[in-house]
Amino acid sequence: MGEMTSNQLGVIGALFLSVASSVSIVIVNKALMSNLGFPFATTLTSWHLMVTYCTLHVALRMNFFENKPVDMKTVILFGILNGVSIGFLNLSLGFNSIGFYQMTKLAIIPFTVLLETIFLKKHFSQKIKFSLFVLLIGVGIASITDLQLNFVGTVLSLLAIITTCVGQILTNTIQKRLNVSSTQLLYQSAPFQAAVLFVSGPLVDQCLTKQNVFAHKYSPIVLAFILLSCLIAVSVNFSTFLVIGKTSPVTYQVLGHLKTCLVLAFGYTLLHDPFTSRNIAGILIAIVGMGLYSYFCTHENKKKQGGDFSSMSQNKDKDTTPFLANGKKMAHQDEENPTEK
């Protein structure tokens, strides 16, 4: 019971850290890009990952966690995939309207469900699917304003969806199958993610903004906001791996849409962004969907834990029966239960 409570507290802590850090970095980056005129999002992300790696390296030296080597080929491919997915998401935003970009982000959940169902044989109940549908409808109403399609933008969005889904599924699968923590996996893969974005970032940003990141004039306040963004990003990157490892890629995406709703609300409250009755209605519907998803997941997990506990009890009874029986009965049971030999 104590272990279960500790695990639940760990999940709640990871979710809270993810929401708080993600909303904070959105507000800081919005001020950096919109108000201070620094539009180089992909390059900034590469700096985030480099600072994350350096911070984790210091933490490793101070014995805050133990490094666990992972197959280098797996780590390199995983790091490159995650770096590429970030690049595709930024390109998708650059070549599409805001509305179509939001549709791209919404499509990640059903595509993740599809991939996990086909390749990992994971079962999603009708109740879970219904709650996800309600959530997506709500976020769509709140955030999608226009849908302008073009061929290049559509292809980039499809690539962004595929690479993001596969990357998040692998984040969960690698941690569980190789028995590595979120910190260990992030420490191993961050240099490769950073390398991909450090090389491609300036090119992607120049393609999107028609400006050169190296020719930009860095004022002290811009440098201060970049540093603040990088420090918050350490928490964002850490909590991302932590949440996916402790829950699932789908739950992480649900959490991401909660962040979208909070960003809309904070944007209206702090930055005085336009806010309509449609935004309010969409956020309320999304909150209902999140509530249903949380309730159904909790209910199904309790049923599963109850079934596992019952199965363990039955196995325990079977294991103890031979010790209570006489020698003749023990021999007879051994013949019938070869798995206990």
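Colleague: Hi! At roughly what angle do the axes of helix α2 and helix α8 cross?

Modeller: Hello! This is a predicted model, and in it the axes of α2 (residues 41-61) and α8 (residues 220-246) cross at roughly 65°. They come within 8 Å.

Colleague: Is the crossing of α2 and α8 right-handed or left-handed?

Modeller: Right-handed. On the α2 side, the contact is made by Leu44, Trp47, His48, Leu49, Val51, Thr52 and Thr55. From α8 come Ile226, Ser229, Cys230, Ala233, Val234 and Asn237.

Colleague: Nice. How many nonpolar, polar and charged residues does that contact have?

Modeller: There are eight nonpolar and five polar residues where α2 meets α8, and no charged ones.

Colleague: Switching to annotations: where does UniProt place "transmembrane region"?

Modeller: The unreviewed UniProt entry puts that feature at residues 38-60, 72-93, 127-145, 151-170, 221-244 and 278-296.

Colleague: What share of residues 221-244 is helix?

Modeller: That span is 100% helix, with its end C-alpha atoms 34 Å apart. For residues 127-145, the figure is 89% helix and 0% strand, and the end C-alpha atoms lie 29 Å apart.

Colleague: Now pockets. What volume does the second largest pocket have?

Modeller: About 1700 Å³. Its lining has 37 residues, and Lys246, Thr247, Thr251, Cys297 and Asn301 lie nearest the centre.

Colleague: Which element gives the most to that lining?

Modeller: α10 does, with 11 residues. Elements giving two or more residues to the lining also include α1 (2-35), α6 (151-177), α8 and α9 (249-270).

Colleague: And how many residues of the lining are charged?

Modeller: The lining of the second largest pocket has 10 charged residues, alongside 13 nonpolar and 14 polar ones.

How values were computed
Residues are numbered from 1 along each chain as its sequence is written. This is a predicted model: local features need pLDDT of at least 70, side-chain atom pairs count only at pLDDT 80 or more; totals for chains, interfaces and linings use all residues. Side-chain values use heavy atoms; hydrogens and water are left out. Axes are lines fitted to C-alpha atoms, for helices over the stretch in contact, and angles run from 0 to 180 degrees between N-to-C directions. Helices (H or I, at least four residues) and strands (E, at least two) are DSSP runs, numbered from the N terminus. A crossing is left-handed if the near helix is turned anticlockwise from the far one by less than a right angle, and right-handed if clockwise. Contact means heavy atoms within 4.5 Å. Ala, Val, Leu, Ile, Met, Phe, Trp, Tyr, Cys and Pro count as nonpolar, Asp, Glu, Lys and Arg as charged, and the others, Gly among them, as polar. UniProt positions are given in the numbering used here, feature names are shortened, and annotations may be inferred rather than shown by experiment. On a 1 Å grid over the protein atoms alone, a cavity is a set of points where a 1.4 Å probe fits but cannot get out, and a pocket is an open set with protein on both sides within 12 Å along at least five of seven lines; lining residues have an atom within 4 Å of a point. Grid points are joined across faces, edges and corners, and a volume is the space filled by probe spheres set on the points.
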